[in-house]
Amino acid sequence: MLLVGLSAGIVAATPAEAQYRLTAPSGAVVEFEADRLLRFRDRSDSLMTDLVEDPLVLYYRSFGRDLDESEARDAWPWNAAEVVTDSLAALVMPGNLREAGRAYESYVVLRMHAVRQDPDVPCETLLGREIDALDGFIDGWIVARLLFGGPAYEPLDELVFAREADVLGGLILDRSNRQLGGCLAVVRQRGEGEIAAYRSWRAENYLPPRGR
């Protein structure tokens, strides 16, 4: 059922023919053609259908208060979602990001799929499963932002750019993703290089140049 995520290209902030784009604080741009967005939409739609139609799932969905960008911690999907078991989950989404429901719900479904897999695996495998879940969230976020006109929220846009720069794993470790549970300390120690690569990319390519 799950489709393979498609990547887009990060380019300099110059005119281009792509129909859809996100712009980083630095001015860097990630571009998407319409057919790619439709593939992202189809994937998130299939995940939401899975969530709604699965008779074994008990699912609570609600909205909390509006969050500004300084409160991004509560908007990160690994904090907004509580996947208790492979069939029980609760999700509290920011009130001002209602259009992003498909992103958060995609994440919940993929987290449930991860829980259903053999839990007795190395910590690096658990990190890989969390990256897969975030991949679904990112597809849904792109669709909400660009295809359905959802509001901008820079901290979640950063996930898109981090994936395209291949530093998403470092971001997860740097932000102390709680879904990794007891493996967090282990994978953070082993992933110091990934964290450093993410921080370097963020400072040099994502954030505005110093003094600007």
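Reader: What does the model say about D139 and R43, buried or exposed?
Author: D139 is buried, and R43 is too. Keep in mind that this is a predicted model. "Buried" here means a relative accessible area under 20%.

Reader: What makes D139 and R43 a salt bridge?
Author: The N to O distance between their side chains is 2.9 Å. The cut-off is 4 Å between a side-chain nitrogen of Lys or Arg and a carboxyl oxygen of Asp or Glu, so this pair of an Arg and an Asp qualifies. D139 belongs to helix α4 (residues 123-147) and R43 to helix α1 (residues 34-53), so their contact ties together parts that are 96 residues apart in sequence.

Reader: Why does the pair of E164 and R163 count as a salt bridge?
Author: Their closest N and O atoms are 3.6 Å apart, and the limit is 4 Å, so they count. E164 and R163 are both buried. They also join R43, D135 and D139 in a network of salt bridges.

Reader: Why is R199 called partly exposed?
Author: Its relative accessibility is 48%.

Reader: How many salt bridges does the rule give?
Author: The count comes to 18.

Reader: Over to the cysteines: how do you know that C123 and C183 form a disulfide?
Author: The two sulfurs are 2.2 Å apart. The cut-off is 2.5 Å, so the pair passes. The link is left-handed, with -70° about the S-S bond. C123 is in helix α4 and C183 in the loop between α6 and α7 (184-190), 60 residues apart. By this rule the count comes to one disulfide.

Reader: What makes β2 and β3 a strand pair?
Author: Strand β2 (residues 20-23) and strand β3 (residues 29-32) share four bridges, in the antiparallel sense. Within it, R21 stands opposite E31 of β3. Five residues lie between the strands of this hairpin, where G27 takes a positive phi near 100°.

Reader: Which residues of β2 are on the covered face, and which on the uncovered one?
Author: Y20 and L22 are on the covered face, while R21 and T23 are on the uncovered one. In a regular strand, side chains alternate between the two faces of the sheet.

Reader: Last one: what lines the largest pocket?
Author: R111, A114, V115, Q117, P119, L126, R129, Q179 and L180 do, around about 180 Å³ of space. Helix α3 (101-116) and α4 each supply at least two lining residues, and α3 gives the most, with three.

Reader: How do the lining residues divide into nonpolar, polar and charged?
Author: Five are nonpolar, two polar and two charged. Arg counts as charged, so R111 and R129 of this lining belong in that class.

Notes:
Residues numbered from 1 in each chain as written. Predicted model: local features only at pLDDT ≥ 70, side-chain atom pairs only at ≥ 80, totals over all residues. Heavy atoms only, no water. Buried < 20%, exposed > 50% of the residue type's maximum accessible area, 1.4 Å probe, protein only. Pairing = 2+ DSSP bridges. 1 Å grid on protein atoms, 1.4 Å probe; cavity = no way out; pocket = protein on both sides within 12 Å on 5 of 7 lines; lining within 4 Å. Points joined across faces, edges and corners; volume = space filled by probe spheres on them.
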